[in-house]
Amino acid sequence: LEFLINFHPINGVVKEHIHNAIGEQLAEVHVKCLNSSPSVVGKDSLLERGLAWFPTNSYDLDRCRDVAPEVDPDLAFQHPGFGDREYRARRTAIVKLAMEFNAGDPIPLVEYTQSEVDTWTYVFRKVRGFMDKYASKEYIRQFKLLRDAGFLVEGKIPQVRDVSAYLHSKTGFTLRPVGG
């Protein structure tokens with residue numbers, strides 16, 4: 001069992017804070033500290049009170065890129081694409097776009113290959129065939145909205161930038177690219 005807990009060093013006693021907070025059940029403690037964020041620095045800030053940091057805005061998320069374990073473009077040997085150099089190079093290129101993204105930048109567009117579009121179309125048709133039998137009414141309703149808006153269609157892989165703009169217009173929420 002793994003937990004990701006971000007603490008800021010306070011007089012060099014981060015490991016002790018974690019150990020005291022969680023207790024003796026921990027077999028091993030690995031500490032990774034992020035630099036302090038402008039949103040949590042200052043009088044009466046989280047850092048001043050000795051509390052853990054967490055992202056409070058989209059710019060703080062730029063500091064979390066290397067925290068998630070799944071963003072490594074190198075695959076585990078068990079992954080079906082492990083031995084496929086072309087696949088790995090393509091995956092690395094797409095992950096790089098996501099990892100270079102910073103809040104406030106335009107979301108990068110991925111130029112998908114014809115082979116990727118063909119794969120999307122094949123999978124899209126297969127999944128679409130199962131929807132009536134297995135999907136919830138709400139899922140089908142949302143799918144139809146995204147289909148009618150031109151995002152979930154055969155022959156066109158959705159771009160994060162376009163889906164984010166649509167989502168923002170409907171809900172105020174936005175997406176951001178992530179690696180992994």
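Author: This is a predicted model. The largest pocket has a lining of 29 residues, and those nearest its centre are Arg91, Ile94, Val110, Tyr112 and Glu116.

Reader: Which elements give two or more residues to that lining?

Author: Helix H3 (85-100) and helix H4 (114-134) do. H3 supplies the largest share, with eight residues.

Reader: How is empty space found in the first place?

Author: A probe the size of a water molecule is rolled over the atoms, and this shows where space is left empty. In this model, the largest pocket holds about 790 Å³ of space.

Reader: How do the residues of the lining divide into nonpolar, polar and charged?

Author: The lining has 17 nonpolar residues, along with six polar and six charged ones.

Reader: Now the protein as a whole. How many helices and strands are there?

Author: The protein has six helices and zero strands. Its pattern along the sequence is therefore written α-α-α-α-α-α.

Reader: What percentage of the residues count as buried?

Author: A residue counts as buried when its relative accessible area is under 20%. Of the 180 residues here, 24% count as buried.

Reader: And what is the accessible surface of the protein?

Author: About 13100 Å², with 56% of that belonging to carbon and sulfur atoms.

Reader: What do the contacts say about residues at least 24 apart in sequence?

Author: Take the contacts between residues at least 6 apart in sequence: 50% of them join residues at least 24 apart.

Technical notes. Residues are numbered from 1 along each chain as its sequence is written. This is a predicted model: local features need pLDDT of at least 70, side-chain atom pairs count only at pLDDT 80 or more; totals for chains, interfaces and linings use all residues. Side-chain values use heavy atoms; hydrogens and water are left out. Helices (H or I, at least four residues) and strands (E, at least two) are DSSP runs, numbered from the N terminus. Buried means under 20% relative accessible area, exposed over 50%, partly exposed in between (1.4 Å probe, protein chains only). Contact means heavy atoms within 4.5 Å. Accessible areas come from the Shrake-Rupley method with a 1.4 Å probe; for residues, only the protein chains shown count as cover. On a 1 Å grid over the protein atoms alone, a cavity is a set of points where a 1.4 Å probe fits but cannot get out, and a pocket is an open set with protein on both sides within 12 Å along at least five of seven lines; lining residues have an atom within 4 Å of a point. Grid points are joined across faces, edges and corners, and a volume is the space filled by probe spheres set on the points. Ala, Val, Leu, Ile, Met, Phe, Trp, Tyr, Cys and Pro count as nonpolar, Asp, Glu, Lys and Arg as charged, and the others, Gly among them, as polar.
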